[in-house]
Amino acid sequence: MGLPRQPTLGIALYWPESAYNLDTAFKWMRSKITEYGAMWVVILKKKHRGNDMLSVSLEELQQAAQKVDMIDNKTVSLSESEYGIRLVPRRERPQKKSVAR
């Protein structure tokens with residue numbers, strides 16, 4: 001029996017404690033979600049982050065997402081101090097057909 005060989009998750013949720021292993025975590029989660037799946041990542045709002053190195057900034061999150069070919073396409077406020085960012089796999093845009101003139 002064992003684990004499925006193909007990605008099977010429609011949604012993955014993640015509350016990172018720091019940006020330290022963000023790349024590794026995103027790579028692992030990206031391998032588990034389906035083609036049309038998403039990752040929701042919950043981080044502290046800027047005014048609640050403070051100056052410690054343990055918080056994840058939106059910029060760090062976006063950089064890590066780009067490395068696994070994902071983009072953020074939705075942000076929602078979850079509480080006074082946290083918000084969630086939805087990351088989805090980047091899809092190729094259809095090529096525009098050129099019209100011969």
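Of the 101 residues of the chain, 31% count as buried, where buried means under 20% relative accessible area, exposed over 50%, and partly exposed in between (1.4 Å probe, protein chains only). The structure is a predicted model, in which local features need pLDDT of at least 70 and side-chain atom pairs count only at pLDDT 80 or more, while totals for chains, interfaces and linings use all residues. Residues are numbered from 1 along each chain as its sequence is written, and side-chain values use heavy atoms, with hydrogens and water left out.

The chain contains three helices and four strands. Helices (H or I, at least four residues) and strands (E, at least two) are DSSP runs, numbered from the N terminus. Along the sequence, the elements follow the pattern β-α-β-α-α-β-β. Contact is defined as heavy atoms within 4.5 Å. Among contacts between residues at least 6 apart in sequence, 65% join residues at least 24 apart. The chain exposes about 8,000 Å², of which carbon and sulfur atoms supply 52%. Accessible areas come from the Shrake-Rupley method with a 1.4 Å probe, and for residues only the protein chains shown count as cover.

The interior was described through its nonpolar core, a set of buried Ala, Val, Leu, Ile, Met, Phe, Trp, Tyr and Cys residues joined through side-chain atoms within 4.5 Å. The largest such core has 19 residues, and those with the most contacts inside it are Phe26, Met39, Leu61 and Leu87. At least two residues of this core are supplied by each of E1, H1, E2, H3 and E4. When residues up to four places away in sequence are not counted, Leu87 touches Phe26, Ala38, Met39, Val41, Leu61, Ala65, Met70, Ile71 and Asp72.

Alanine 12, in strand E1, is buried, with a relative accessible area of 7%.

In H1, the buried residues are Leu22, Ala25, Phe26 and Met29. Seen down the axis of H1, these residues fall within an arc of 95 degrees, so they line one face of the helix. The arc is that of the directions from the helix axis to the C-beta atoms. On the other side of H1, Thr24, Lys27 and Trp28 are exposed. The buried residues of H1 pack against E1, E2, H3 and E4.

In helix H3 (residues 58–67), the buried residues are Leu61, Ala64 and Ala65. Viewed down the axis of H3, they fall within an arc of 100 degrees, so they too line one face of their helix. Gln63, Gln66 and Lys67 are exposed on the other side of H3. The cover over the buried residues of H3 includes helix H1 (22–32), strand E2 (33–44), strand E3 (70–77) and strand E4 (82–89).

A salt bridge was counted where a side-chain nitrogen of Lys or Arg is within 4 Å of a carboxyl oxygen of Asp or Glu. By this rule there are two salt bridges. One is formed by lysine 67 and aspartate 23, with the closest N and O atoms 3.0 Å apart. This pair links distant parts of the chain, with lysine 67 in helix H3 and aspartate 23 in helix H1, 44 residues apart. Lysine 67 counts as exposed, at 61% relative accessibility, and aspartate 23 as partly exposed, at 36%.

The side chains of arginine 90 and aspartate 69 also meet in a salt bridge (3.2 Å, N to O). Arginine 90 lies in the segment after E4 and aspartate 69 in the loop between H3 and E3, so the pair ties together parts that are 21 residues apart in sequence. Both residues count as partly exposed, arginine 90 at 43% relative accessibility and aspartate 69 at 40%. Phi of aspartate 69 is near 60 degrees, a positive value in a residue other than glycine.

Serine 79, in the loop between E3 and E4, counts as partly exposed at 28% relative accessibility. Serine 79 and lysine 45 are 34 residues apart in sequence and 9.2 Å apart in space, C-alpha to C-alpha.
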